[in-house]
Amino acid sequence: MMMMSWCRINNIAVIVLLIMAYCNVKYCEAELSPDFYSNSCPAALSTIQNAVSKAIAKERRMAASLIRLHFHDCFVQGCDGSILLEDSATIISEQNALQNFKSVRGFNVVDDIKSAVEQACPGVVSCADILAVAARDASKYVGGPSWTVKLGRRDSKTANKDLAEANLPIAFDDLEALLSSFARQGLSARDMVALSGAHTIGMAQCITFRSRIYNDTNVDAGFASTRRRSCPPVTGNGDGNLAPLDLVTPSSFDNNYFKNLLRRKGLLHSDQALFNGGSSATDGFVSGYARNQASFYSDFSAAMVKMGDISPLTGSDGEIRKICGAIN
């Protein structure tokens, strides 16, 4: 009897060792959970929401900036808060990447959120999770969809400027480049179009759409003429002048962005690349979202959750930064 029990224990031990050897550590770790801070920091979500609401009430444009920060974070070595790290002796900041330089913003708001959360629960809530929750709360504040945010990400100890320039889409991309960029992150064409709908809010600099309004052929003439008034043709002249990504309702989250694309009124070349009059792989998604805002909201929410799952640091990986702009 004792021999049988000993064999059974040995067999169980062997199985456990085999499982440990087979499993990739990433898959064996605890998964992200909406309830991750329920016990360790029950005030986390309400603290973040209050700070986000305060920031957007002060500057409506901040909603778009916070959503963009989460997006630009997740596309570079996963949703790990790496975009927040500033230059240091050991860090070359992703903020210096072409797609981010002097355009990503909202870092002061994230710092304010982190400070408030640290007062409630020191050393518990990651900057990566703050970005994920802030993006959701920003969308909701300006009339957009809400979704359940999974939590438990940890913060990276590294940044990667070169990877940012390789992975992040750029305003001049054509459809093929956009599809490839999103596919590398495990995101589908539907995900890509839905996530692009975040351009229903926010602004863009003249330097990012100058070529579109002066050189592209699939652009509404009246729209191009209007945008040219504040965006001169010569590089270096008015580069930072801003224009709304959504001409109709630039401060509200809705489906007018897609309606604009049907009328060839996408501000960026990469925006209009999503719709080419019925012949491209993404035209159907654009037309569908233009007709049905509820469908857009549903797909946008699902895509944001999916994006938030990109290669998070969990368990003992990374750290919980005390300050979002610097490693501990």
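Residues are numbered from 1 along each chain as its sequence is written. Because the model is predicted, local features require pLDDT of at least 70 and side-chain atom pairs count only at pLDDT 80 or more, whereas totals for chains, interfaces and linings use all residues; side-chain values use heavy atoms, with hydrogens and water left out.

**Annotated binding site**

An unreviewed UniProt entry places the feature "binding site" at Asp73, Val76, Gly78, Asp80, Ser82 and Glu94. These positions are spread over 22 residues of sequence, yet they cluster in space, with a largest C-alpha distance of 12.9 Å. UniProt positions follow the numbering used here, feature names are shortened, and annotations may be inferred rather than shown by experiment.

Val76 is found in the loop between α4 (62-74) and α5 (107-120), and Gly78 lies in the loop between α4 and α5. Helices here are DSSP runs (H or I, at least four residues), numbered from the N terminus.

| Residue | Relative accessible area | Class |
|---|---|---|
| Val76 | 0% | buried |
| Gly78 | 2% | buried |
| Leu313 | 16% | buried |

Contact means heavy atoms within 4.5 Å. Leaving aside neighbours within four places in sequence, Val76 is in contact with the annotated residues Ser82 and Glu94, and also with Asn160, Leu163, Ala164 and Leu168. Gly78, with residues up to four places away in sequence not counted, touches Asp73, Ile310 and Ser311.

**Packing of α3 and α5**

Helix α3 (residues 44-58) packs with α5 at an angle of about 150°, their axes being 9 Å apart. Axes are lines fitted to C-alpha atoms over the stretch in contact, and angles run from 0 to 180 degrees between N-to-C directions. The angle makes α3 roughly antiparallel to α5 (under 35 degrees counts as roughly parallel, over 145 as roughly antiparallel, 65 to 115 as roughly perpendicular and the rest as oblique).

On the α3 side the contact is made by Thr47, Ile48, Ala51, Val52 and Ala55, and on the α5 side by Val109, Ile113, Ala116, Val117 and Ala120. These residues divide into 9 nonpolar, 1 polar and no charged. Nonpolar covers Ala, Val, Leu, Ile, Met, Phe, Trp, Tyr, Cys and Pro; charged covers Asp, Glu, Lys and Arg; the others, Gly among them, are polar.

**Leu313**

Leu313 is found in the segment after α15 (293-308). Leu313 and Phe253 are 60 residues apart in sequence and 30 Å apart in space, C-alpha to C-alpha.

Note on methods:
Helices (H or I, at least four residues) and strands (E, at least two) are DSSP runs, numbered from the N terminus. Buried means under 20% relative accessible area, exposed over 50%, partly exposed in between (1.4 Å probe, protein chains only).
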